[in-house]
Amino acid sequence: MKFTECLIKPVSSRCNLKCEYCFYLDISKGRKVESYGLMGLETLEQLVKKVFKNTDEVAAFAFQGGEPLLAGTDFYEKFIELEEKYNKRNIRVMRSIQTNGLLIDESYGKFFKKNKFLIGISLDGFREVHDKYRLDNNLEPTFDKVMKGIDILRKYDVEFNILTVITKEVARNIKDIYRFYVDNKFNYLQFIPAMDRGFIQRGKDMYSLANNSYYKFLKDLFNLWYRDFIGGRYISIQNFDDIINKILRHEHMLSCFQRGVCKCQNVVEANGNLYPCDFYCSDQYILGNILDDSIDEMMHRKTTEAFIEESIGIPKECRQCEYYRLCRNGCKRFRVDNRYYYCEATKKFFAKNIFKFEKITKKILTISVSEGGN
């Protein structure tokens with residue numbers, strides 16, 4: 001394969017936060033083993049070895065949690081040693097970590113810079129909104145600690161982006177949150193709707209979004225983003241970047257949420273179990289174990305194929321919808337009875353704004369042609 005990616009959970013579901021909306025905590029509680037603890041070095045070595053064996057051009061290692069920085073700097077130093085040991089063909093390597101930011105200190109800052117890690121910071125807006133749900137295990141607020149971690153990343157010139165979970169509070173305050181992000185020069189943003197308990201999206205939980213709230217969120221955020229784009233200031237918001245890439249048919253640039261069809265993401269738990277997706281790390285979706293099986297073998301098992309097949313069937317009303325190529329029935333985890341829960345909000349948003357997206361793509365193409373001629 002040309003490209004092999006792994007989403008690695010080095011400390012399983014362990015975390016130093018107690019977020020009300022944490023979907024992975026829900027998943028792990030439903031397994032026979034709730035947490036597999038810290039990934040052993042033998043498991044890490046087999047993982048690194050098999051990734052490089054499985055790819056020809058690019059190896060992508062993304063560390064998630066729980067809170068992956070609980071593994072400690074020694075763990076990641078060992079990861080780099082193993083990478084150097086097994087990357088004998090000079091494969092291009094991409095390294096990233098999604099973290100709540102609380103444990104970022106000077107040693108992590110230096111390490112991330114030296115080894116070219118891209119850091120995803122989980123931040124839910126300004127202080128009052130962020131601290132609504134993102135409390136530590138002592139139920140203390142965490143906003144100041146996250147911002148301190150960001151300051152350290154900036155001190156060492158480490159690349160980072162912001163991941164925000166869209167709760168009711170985030171949706172209501174998105175105008176002020178966007179301005180807060182812009183004022184802090186957070187130029188790379190991603191927003192993901194909070195998942196209902198039990199993984200049936202209904203917008204019924206105290207923090208989750210119904211269609212009207214999600215539409216208002218999209219509308220308010222897009223209007224601010226569009227105004228800045230037209231005014232010459234570009235803020236990368238993955239949700240809108242994906243729509244533009246769909247219009248431009250840049251399929252290789254789409255995030256998993258926006259493809260419409262699932263793929264095997266190779267999520268590796270701390271004990272070596274491999275799952276097809278971060279949302280599906282339950283016992284019924286175990287594809288094998290990195291200690292015993294090859295990545296290629298696990299990616300092509302019947303369980304994997306069945307998982308992908310589940311996402312392919314498209315309802316008739318979707319196929320007939322004028323916005324299907326932009327929506328694609330959403331992420332499978334956000335479908336109810338095989339229909340994207342936020343269909344109503346999405347259709348209304350596109351109906352109001354499709355002409356603006358077309359205007360943006362024309363401007364991008366004009367700029368590309370101009371630059372290509374210089």
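Let me begin with a definition: a residue is called buried under 20% relative accessible area, exposed over 50%, and partly exposed in between, with a 1.4 Å probe and protein chains only. By that rule Phe229 is buried, since its relative accessible area is 11%.

The structure under discussion is a predicted model, in which local features need pLDDT of at least 70 and side-chain atom pairs count only at pLDDT 80 or more, while totals for chains, interfaces and linings use all residues. Residues are numbered from 1 along each chain as its sequence is written, and side-chain values use heavy atoms, with hydrogens and water left out.

I turn to the sheet. Strands pair through backbone hydrogen bonds, either parallel or antiparallel. Strands here are DSSP runs of E with at least two residues, helices are runs of H or I with at least four, and both are numbered from the N terminus. Two strands count as paired if DSSP finds at least two bridges between them.

Ten strands make up an open sheet with mixed pairing, and their order is E7-E6-E5-E4-E3-E2-E1-E8-E9-E10. Strand E7 (236-237) and strand E10 (288-289) each have a single partner strand, so one side of each has no neighbour in the sheet.

Strand E1, residues 3-8, pairs with strand E2, residues 58-63, in the parallel sense over six bridges. Within that pairing, Thr4 has Ala59 in E2 as its bridge partner. E1 also runs parallel to strand E8, residues 267-268, and two bridges join them. Here Leu7 is opposite Val267, and Ile8 is opposite Val268. Five of the six residues of E1 are buried, and the strand is mostly covered.

Further along the sheet, strand E3 (residues 92-99) pairs with E4 in the parallel sense over five bridges. Ser96 stands opposite Leu118 in E4. Strand E4, residues 117-122, is largely enclosed by the rest of the structure, because five of its six residues are buried.

Next, the aromatic side chains. A pair of aromatic rings is described by the distance of the centres and the angle of the planes. Rings of Phe, Tyr and Trp (its six-membered ring) pair if their centres lie within 6.5 Å; planes under 30 degrees apart are stacked, over 60 edge-to-face, and the rest tilted.

How many aromatic pairs does a search of the whole structure find? The search finds 47. One of them is the edge-to-face pair of Tyr76 and Tyr108, at 6.5 Å centre to centre with 65 degrees between the planes. Because Tyr76 belongs to helix H3 (residues 73-86) and Tyr108 to helix H4 (residues 106-114), the pair ties together parts that are 32 residues apart in sequence. Both Tyr76 and Tyr108 are buried.

Phe229, with which I opened, pairs with Tyr234: the ring centres are 6.3 Å apart and the planes are at 80 degrees, so this pair is edge-to-face. Tyr234 is partly exposed, at a relative accessible area of 43%, whereas Phe229 is buried.

Charges also meet rings. A charge sits over a ring if NZ of Lys or CZ of Arg is within 6 Å of the ring centre and within 35 degrees of the ring normal. The charged end of Lys9 sits over the ring of Tyr24, 3.9 Å from the ring centre. Lys332 lies over the face of Tyr280, 4.7 Å from the ring centre.

On a 1 Å grid over the protein atoms alone, a cavity is a set of points where a 1.4 Å probe fits but cannot get out, and lining residues have an atom within 4 Å of a point. Points are joined across faces, edges and corners, and a volume is the space filled by probe spheres set on the points.

The whole structure holds one cavity of 30 Å³ or more. The largest cavity has about 340 Å³ of space. Which of its 24 lining residues are closest to its centre? They are Tyr214, Asn239, Phe257, Gln258 and Tyr340. Elements that give two or more residues to this lining include helix H9 (211-230), helix H10 (238-247) and helix H15 (343-372). H10 supplies the largest share, six residues.

Finally, the loop between H10 and E8 contains Arg259. Arg259 is partly exposed, at 25% relative accessibility. Its C-alpha atom is separated by 29 Å from that of Asn271, twelve residues apart along the chain.

Note on methods: 1 Å grid on protein atoms, 1.4 Å probe; cavity = no way out; pocket = protein on both sides within 12 Å on 5 of 7 lines; lining within 4 Å.
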